[in-house]
Amino acid sequence: MTPAIAPPDISANAPEEKLLWTSADLELLPENGNRYEIINGELFVTRAPHWKHQKTCGRLFTALDTWSIATKLGETALGAGVIFGDKDDVIPDVVWVSKEKYEALIDDAGHLLGAPDIAIEILSAGTENERRDREVKLKLYSSQGVLEYWIADWREKKLQIYRRENGVLKLAMTLFISDTLTSPLLPNFSCPLVQIFE
């Protein structure tokens, strides 16, 4: 039987304030196969993703990791913890971090304590899941200094790329299955999207 989990404490002086979750609260949650993330103090819970969601994750990871191993320019990870602060603790589907940034940001627990160069989310079904990835995480990644944010939609076989422009992540392009993925952050990286979404 899982013990009851107390919600985060709030000040008795401000009962109208919203309860805010913190990274410390995550340690109290049960290990039950759910994924727990905190964005701006709000807890997001998701279940195990669809098979094709995971295939898309794996293929994007493989393309980036193969390039990273060959060039030695950075590190790629699946489902790595990224902690921006006590109230912003997320698990992007895939991240890529330049070698210099990786060495500066990785902690002893294997989490990044700052923005990866590229954060990638694969859309899961459901209005709340899509809102989290398209709006909430976009704002978080933008405010925290992520250089590129990729949102992959395996159902529609498309990839939206947001790039930092004037300090904000803005939609730079939408690629479809006949297009080839490249990035100014990844010299000579090239991946036909048919390899990702086939």
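Trainee: How many aromatic pairs does the structure hold?
Mentor: Five aromatic pairs. Rings of Phe, Tyr and Trp (its six-membered ring) pair if their centres lie within 6.5 Å. This is a predicted model: local features need pLDDT of at least 70, side-chain atom pairs count only at pLDDT 80 or more, and totals for chains, interfaces and linings use all residues. Residues are numbered from 1 along each chain as its sequence is written, and side-chain values use heavy atoms, without hydrogens and water.

Trainee: Which residues form one aromatic cluster?
Mentor: Phe84, Tyr141, Tyr149 and Tyr162.

Trainee: New topic. Which residues have the most contacts inside the largest nonpolar core?
Mentor: Trp150 and Leu181, in a core of 23 residues. A nonpolar core is a set of buried Ala, Val, Leu, Ile, Met, Phe, Trp, Tyr and Cys residues joined through side-chain atoms within 4.5 Å. Buried means under 20% relative accessible area (1.4 Å probe, protein chains only).

Trainee: Where does the largest share of this core come from?
Mentor: From α2, with five residues.

Trainee: And what does leucine 181 touch?
Mentor: Among others, Leu60, Trp150, Ile161 and Phe189, not counting residues up to four places away in sequence. Contact means heavy atoms within 4.5 Å.

Trainee: Now aspartate 25. Where is its place?
Mentor: In helix α1, residues 23–26. Helices are DSSP runs (H or I, at least four residues), numbered from the N terminus.

Trainee: Is aspartate 25 buried or exposed?
Mentor: Buried, yet without a salt bridge. That would take a side-chain nitrogen of Lys or Arg within 4 Å of a carboxyl oxygen of Asp or Glu. The nearest side chain of opposite charge, lysine 87, is 8.5 Å away.

Trainee: What does the side chain of aspartate 25 reach?
Mentor: The backbone nitrogen of threonine 22, at 2.9 Å.

Technical notes: Helix = DSSP H or I, 4+ residues; strand = E, 2+ residues; numbered from the N terminus. Buried < 20%, exposed > 50% of the residue type's maximum accessible area, 1.4 Å probe, protein only. Lys, Arg positive; Asp, Glu negative; His and termini not counted. Polar contact = N/O pair within 3.5 Å; in protein donor to acceptor, adjacent residues only side chain to side chain. Phe/Tyr/Trp six-rings, centres within 6.5 Å; stacked < 30°, edge-to-face > 60°.
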